[in-house]
Structures are given as C-alpha cells and as structure tokens.
Amino acid sequence: MQRVLFHETIFGPIHSRRLGSSLGVNLSPTDGKICTFDCLYCEAGFNAQGPGTTGLPEREAVRKLLEAKLRTMKENGDRLDVITFSGNGEPTVHPDFEGVIDDTIALRDKYFPDVKISVLSNSTMLDREGVCRALRRVDNNILKLDSAKPETVAILDRPTSPSYDVGHVIEKLASFGQQCIVQTMILRGSYEGQQIDNTTDDEVEALIEAYRRIAPAEVMLYSIDRKTPATDLRKVERDELEDIAKRVREAGIKVLVS
C-alpha cells in the first residue's frame with residue numbers, strides 16, 4: 001500500500017511546479033494520514049493506512065520547528081518563495097489551524113517578509129468560522145473542486161462525511177470569490193469497476209458553471225504527476241488541459257495550467 005509522503009512537520013524546501021521553492025508545513029501525523037477526503041489520486045495514499053501514532057502536532061511545536069527552519073534558511077541565504085500547508089492530510093482539520101496561521105504570518109514577516117503563504121485545502125472545513133478567517137489572511141487560499149457533479153465527487157474524492165454536499169461547498173467557495181484560487185485535478189480512468197472521467201463535456205460545463213458562481217481569482221488545472229494509490233488512473237496531457245482551459249477562459253475565468 002502506498003503510504004504517507006512526509007515524515008516531518010516541516011519539510012523541504014521542495015520545488016513546486018505551481019508555487020516555486022516551497023517550505024512545507026504538515027499539520028497531519030508524521031506516520032499516518034488524517035483526511036476528510038480519500039482521493040483516488042492522493043500522493044499520500046489511502047486513509048486505510050490509518051492515522052498512525054504521533055497525532056496532530058501541537059501549535060507551539062509547529063511554531064518552534066518553523067522558526068528554527070526559517071532562521072537557518074535566513075542565515076544561509078537560502079531562496080524561499082512560499083510556505084505551503086499541505087502534507088499527509090487536510091490541514092484545516094487541525095483544531096488550532098487559525099492560531100498556526102497567525103504564528104506563521106508573524107514568523108514570515110520576521111524572517112522572509114516577501115514570501116507568500118499558501119494553503120492547499122479540500123474545502124471540507126469551510127463551515128468553521130476560524131478556518132475561513134485564517135484562509136482569508138493567507139496569500140494563496142487554494143481550495144479544491146474536482147467536479148461539480150455529486151456522483152463524480154463521490155467516486156473520485158470519496159468524502160468521508162455522508163453529509164458532504166458539493167453544491168453547499170460551491171456556495172462556500174463563492175463566499176471567498178477573489179480571495180480564493182480553485183484547484184481542479186483533471187483525470188480519467190477506473191477504480192473497482194467504476195469509470196472516472198472529468199474531461200467530458202458535461203463535466204467541464206458543470207465546472208464552468210461552478211467557476212462562474214465562485215468567481216475566484218484564478219483556477220488551477222492540473223493532472224497526475226506522481227504515483228497514485230489507485231493504479232488505473234491516467235494522466236491528461238498538457239494539450240488537452242489547454243483545450244479545457246480555453247473553454248474556461250472563454251467564460252471569463254483566469255486559468256493556470258500546470
């Protein structure tokens with residue numbers, strides 16, 4: 001079974017194809033996975049691997065580890081473009097997420113004031129006021145929407161909550177508007193006999209309608225770049241992504257293909 005990618009709370013910097021030189025912050029366990037989605041394409045593997053034994057890192061531990069890393073990088077003259085919250089699960093499930101963001105902003109301002117702060121989120125915690133307040137304070141509030149169709153979300157993203165409603169999520173995304181970037185994974189394939197393809201006309205038109213409703217600062221379209229836990233998924237190549245992006249741009253939405 002494919003397992004967690006990151007065995008540290010602070011990792012990198014690594015090169016992100018979308019964000020540049022990125023210092024990662026993992027608010028999930030370092031030996032397990034905790035997520036409100038169980039995506040077929042998740043590089044950290046399926047949730048079935050379990051939450052591990054280390055638990056979620058305490059806010060103060062995150063602050064100390066991040067400060068130590070930033071101080072060392074500053075002293076060494078290292079390049080840094082962005083501090084990115086991602087890791088082995090959904091960062092916004094952390095009970096002190098808002099406080100961690102407050103600490104990160106203060107440390108960024110102290111050591112690397114020109115660096116951006118990014119959060120990669122699956123959009124499932126947007127009913128929490130503290131999460132929304134924190135996301136409005138970061139530079140790149142990157143929120144997931146892989147499909148506007150409930151049946152596709154159920155197969156592809158596999159929300160762990162039975163009450164998940166993609167229509168409700170789209171409305172929450174719309175409350176951010178220009179304060180968010182929408183990220184969409186484009187792929188096709190199959191899993192346990194079910195076909196998956198969010199490149200069809202119906203899927204793309206539903207996404208475009210959702211993008212219009214949300215009116216984000218930007219949409220990021222991307223496809224598989226690394227090994228996935230579901231092995232029968234196929235990458236959508238750049239030229240096809242550009243074709244989809246063209247349709248989205250024609251609807252008046254800014255698009256980045258990566």
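Colleague: Where in the chain is Pro-13 found?

Modeller: Pro-13 is in strand β1, which covers residues 10-16. This is a predicted model, by the way. The peptide bond that leads from Gly-12 into Pro-13 is cis, and its omega is near 10 degrees.

Colleague: Let's step back to the whole chain. How many helices and strands does the chain have?

Modeller: There are 7 helices and 11 strands.

Colleague: And why is the chain called as compact as a globular protein of its length?

Modeller: Set the value against the rule: the radius of gyration is 18 Å, and the globule rule gives 18 Å for 258 residues, so the chain is as compact as a globular protein of that length. If you want a box around the C-alpha atoms, it is roughly 50 × 40 × 35 Å along the principal axes.

Colleague: How much of the chain is buried?

Modeller: Buried residues make up 57% of the 258.

Colleague: What share of the contacts joins residues at least 24 apart in sequence?

Modeller: That share is 73%, counted among contacts between residues at least 6 apart.

Colleague: Which residues have the most contacts inside the largest nonpolar core?

Modeller: Leu-70, Leu-145 and Tyr-211 do, in a core of 59 residues. Helix α6 (residues 201-214) gives this core its largest share, 7 residues. There is another core apart from it, with 17 residues, among them Phe-46, Tyr-191, Ala-230 and Leu-233.

Colleague: What does Tyr-211 touch, leaving aside neighbours within four places in sequence?

Modeller: Its contacts include Leu-145, Val-182, Pro-216, Val-248 and Ile-253. Thr-184 is also one of them.

Colleague: Then what makes Thr-184 count as buried?

Modeller: Buried means under 20% relative accessible area. Thr-184 has 0%, so it is buried. Thr-184 sits in strand β6 (residues 181-185), and a polar atom of its side chain lies 2.6 Å from the backbone oxygen of Leu-145. Beyond four places in sequence, Thr-184 touches Leu-145, Asp-146, Leu-207, Tyr-211, Met-220, Leu-221 and Tyr-222.

Colleague: How do you know that helix α2 has close to its expected span?

Modeller: The helix (residues 97-111) has 15 residues and reaches 21 Å from first C-alpha to last, close to the 21 Å expected at 1.5 Å a residue. Buried residues of α2 include Phe-97, Val-100, Ile-101, Leu-107 and Tyr-111. Their cover includes α1 (59-76), β3 (82-86), β4 (116-121) and α3 (129-137).

Colleague: Pro-91 lies in the loop between β3 and α2. Why is Pro-91 called buried?

Modeller: The cut-off is under 20%. Pro-91 has 1% relative accessibility, so it counts as buried. Leaving out neighbours within four places in sequence, Pro-91 is in contact with Leu-27, Phe-85, Ser-86, Phe-97, Val-119 and Leu-120.

Colleague: Which phi does Ser-123 have?

Modeller: Ser-123 has a positive phi of about 75 degrees, although it is not a glycine. Ser-123 lies in the loop between β4 and α3. With a relative accessible area of 2%, under the 20% limit, Ser-123 is buried.

Colleague: And Glu-192: is it buried or exposed?

Modeller: Exposed means over 50%. Glu-192 has 69%, so it is exposed. Glu-192 has a positive phi too, about 50 degrees, and is not a glycine. Look for Glu-192 in the loop between β7 (187-191) and β8 (194-197).

Definitions and conventions. Residues numbered from 1 in each chain as written. Predicted model: local features only at pLDDT ≥ 70, side-chain atom pairs only at ≥ 80, totals over all residues. Heavy atoms only, no water. Core = buried A, V, L, I, M, F, W, Y, C linked by side-chain atoms within 4.5 Å. Buried < 20%, exposed > 50% of the residue type's maximum accessible area, 1.4 Å probe, protein only. Helix = DSSP H or I, 4+ residues; strand = E, 2+ residues; numbered from the N terminus. Contact = heavy atoms within 4.5 Å. Polar contact = N/O pair within 3.5 Å; in protein donor to acceptor, adjacent residues only side chain to side chain. Rg over C-alpha atoms; globule rule 2.2 N^0.38 Å. Expected span 1.5 Å × (residues − 1).
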